[in-house]
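Reader: I am new to this structure and would like to go through parts of it with you. Could we begin with how some of its strands are arranged?

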Amino acid sequence: MISWFTKSKKNNQNLGGAGGANYQTGSRRKIELNSSTIINIRDEQVQRIVGEDKGEDELAPLISGFKVFRNEYNQLESAKLGAQRRGYSSVATNNVADPDSVDAKNGKSRKSSEDTMATMASQDSEGMPNSTNKDAGAAGVTTTPPTTEAGTTSTSKKAEPKPGYSSDEEKELMKGLKSSTAWKRLLKLAKKEYRLLFGAVGLLFVSSSVTMSMPFFMGKVIDVVTKPEITIPFGLTLNEMFGVLASIFTVGAAANFGRVYLIRLAGEKLIARLRSKLYQSILKQDMTFFEINRTGDLVSRLTVDTTIVSKSISQNLSDGLRSVVSVTAGLSMMLYMSPKLTMVMMLAVIPVAGYAVIYGRFIKRLTQKTQEAMGGITKEAEERLSNIRVVQAFGREAEEAVSFKKAVDYVYQLGKKEAFASGLFYGGNGFTGNMCILMFLGVGGKMVLNNEISIGDLSSFLLYTAFVGSSLAGLSSFFSETMKGIGASSRLFYVLERNPKIDFNTDKGLKFGTDTPNGLGECKGHIEFKNVKFSYPSRPDSLVFDNLNIDIKPGSRVAIAGPSGRGKSTIISLLLRMYDLENGNGQILIDGIDLKQLNLNNWRSQVAIVPQEPVLFATTIRNNLLYSSPNATEQDLEHALAQANAASFVSKFPKGLDTFVGERGVSLSGGQKQRIAIARALLAKPSVLILDEATSALDSQSEKSVQKALDSLITSHDSADANKTIITIAHRATTLQKSDLIFVLGEDGGIVEIGSYDDLMQIENGFFKTLMSSHH
Ligand SMILES: Nc1ncnc2c1ncn2[C@@H]1O[C@H](COP(=O)(O)OP(=O)(O)OP(=O)(O)O)[C@@H](O)[C@H]1O
């Protein structure tokens, strides 16, 4: 009697066909991204891609009826995610030579005898998304999957460890970061998810043990059914044995379910947390930050980098761990079954794996080039199309088309090279893989004939080799994915850890208002600029103000005038404390108190501004109005609209206040938008109202309506508005005439003239007088 736990070497059967190499998997759905696929990743699309569960959805019957899940999701995701790095809002993604996808496209299942081993090797038999082995190619067990390497890395190339710094500041802040520190910080981010992650790791050991025992059982079952002299342990019948195995597999499946669920849950939780935290950090940054970081880039950090980081901590870590377990267990089992065969396999595996890695890198480089070229094309197309009016107005359509075609042709040439290289790779890889199998069968078959190994053990061995092969591939991708995670995390940390130079989120500082204890009382709106010297942080060498002195009395209506580019808007930015004056560069005083001592939020709530080009949000007129004052009553709204000379046109809309204004207010005319913006500013009941007069955006009719609103505000002395300080950045003579005082900005970064319109026009050869005459 031979127990199935002993290594049976007495087996004298020939190989028969029991090599286990002919298992077929069912067809697998592939998500293909080819070079012509332009994926436009907008915020919500990323959300959709990321949110959608494209993983664990592919069932392929494996050897003993196991359901095998596959995950293409990673590839798609990282492709899109990678493409989004550095703020491309859309990009073309190029799928590197994935024979699967081609077949899937043609509606065929890819399986053929040439890649049966590969299929086995590439199965993620634990139902866990295995981003690494999905393209194991035909070389089967020995393949380090370059497609995945290339595919994933190429498409997510921009997510590599060296993150694309958006600014010198970011580079400065992040460059000293050691990778060990980066690791620690990365893991620290997931602190709140540790419990879920540890639970998942526990379940991973259970499910991996079951999976890794499967080939062993399979071999034994083969031996039991082919050799009647082998008995089943515990005196079980064949049927009972199947029952026991089914129960074990059920436990494995349950553990697997738990693991996948916990990992995904941890990942999703982490993403959600990171996004909210990051958004908060972005919102509280100062203007300098927004000047050096493009919006697209920030959005990409919010959507893409958070995802990469979360995946690398949750899914990737779990995949990596599973690969380690599989490699260790698989190799041990192989050595246990036949050290000789293990050595033979290793001898074949190493050169083929080396070849795969080298060739994979070559393809990867090609793909990176394509990717870069595609990024360029997309950016150009996007810019031209979004400014199609300019293109058509200058009649440049033909030239644009030619230049686009040139760029596309270049991408095609690269794609052609890549196609050839990939063909060569898969052909070669398949061939060498199959040669390995042939060698294995040759050596193994001889060993069976010599009674060195049983058919069952040989089959088990083959399966273990497949597992080890695919897990080795998994390990290699684990490292690259982790590096991506670290790269992306540094992009998050830059924002999370950047201390805004002007922090308005704190409760610090003096507050206006009668309802605050120790408050300053009502803001009177007395504004003084004293010896102000200022240059923008992004352009430190160009001084905007050298010695600016302004004294705006409470409740006065003043105008700021001056030639273009002389700093009118800068005064407003400084007043709103978008930028700080450096020490020694003068002072801005509000009711006699240094602006820096005031609570920023509180101060800003005392000020309302109607910008030159008002921005409305894509919602209703009502919501836009309520943005400045969420508690305003219907009456308040109507009053504000009337003051802004907007009531009549709003009431003519069928939906009145509930009319949608379109993105950035496009469905309103310029003048209407401006009047809504005036009403919005008035609703805030500010102590200081700033009106930035439009220079030329409006036709004369709309301008009149807007002007009427502004004039009535400036001259209004009704009780509610009487004590508002109103500062107008004025261009038009009528506005200037109505102002109590005009501050004229001169050539040398200061005020050259101050006075009423009439006073200033009296000055012979005066700066203001000259300025006004040049307007006409
Ligand atoms: N964010 C910025 N970073 C660097 N320089 C800036 C920035 N904003 C404005 N400047 C520069 O500061 C100077 C003053 O600009 P500002 O916008 O205050 O002029 P302005 O008087 O309002 O002009 P206009 O009447 O044309 O609107 C200009 O030379 C401008 O180029």
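Reader: Which residue stands opposite Val688 in strand 13?
Author: Val607 does. This is a predicted model, in which local features need pLDDT of at least 70, side-chain atom pairs count only at pLDDT 80 or more, and totals for chains, interfaces and linings use all residues. Residues are numbered from 1 along each chain as its sequence is written.

Reader: How many bridges are there between strand 12 and strand 13?
Author: Strand 12 (residues 607–610) pairs with strand 13 in the parallel sense over four bridges. Strands are DSSP runs of E, at least two residues, and helices are runs of H or I, at least four, numbered from the N terminus; two strands pair if DSSP finds at least two bridges between them.

Reader: And what about strand 14?
Author: Strand 14 (residues 725–729) runs parallel to strand 13, joined by five bridges. Here Val688 stands opposite Thr725.

Reader: Is strand 13 buried or exposed?
Author: Five of the five residues of strand 13 (residues 688–692) are buried, so this strand is largely enclosed by the rest of the structure. A residue is buried if 20 or more other C-beta atoms, placed from the backbone, lie within 10 Å of its own. Val688, Ile690 and Asp692 cover one side, and Leu689 and Leu691 the other.

Reader: Changing topic, where does helix 8 bend?
Author: Helix 8 bends by about 30 degrees at Met214, and Pro215 follows within four residues. The bend is the angle between axes fitted to the seven residues ending at a residue and the seven starting there.

Technical notes. Buried ≥ 20, exposed ≤ 12 C-beta atoms within 10 Å, placed from the backbone.
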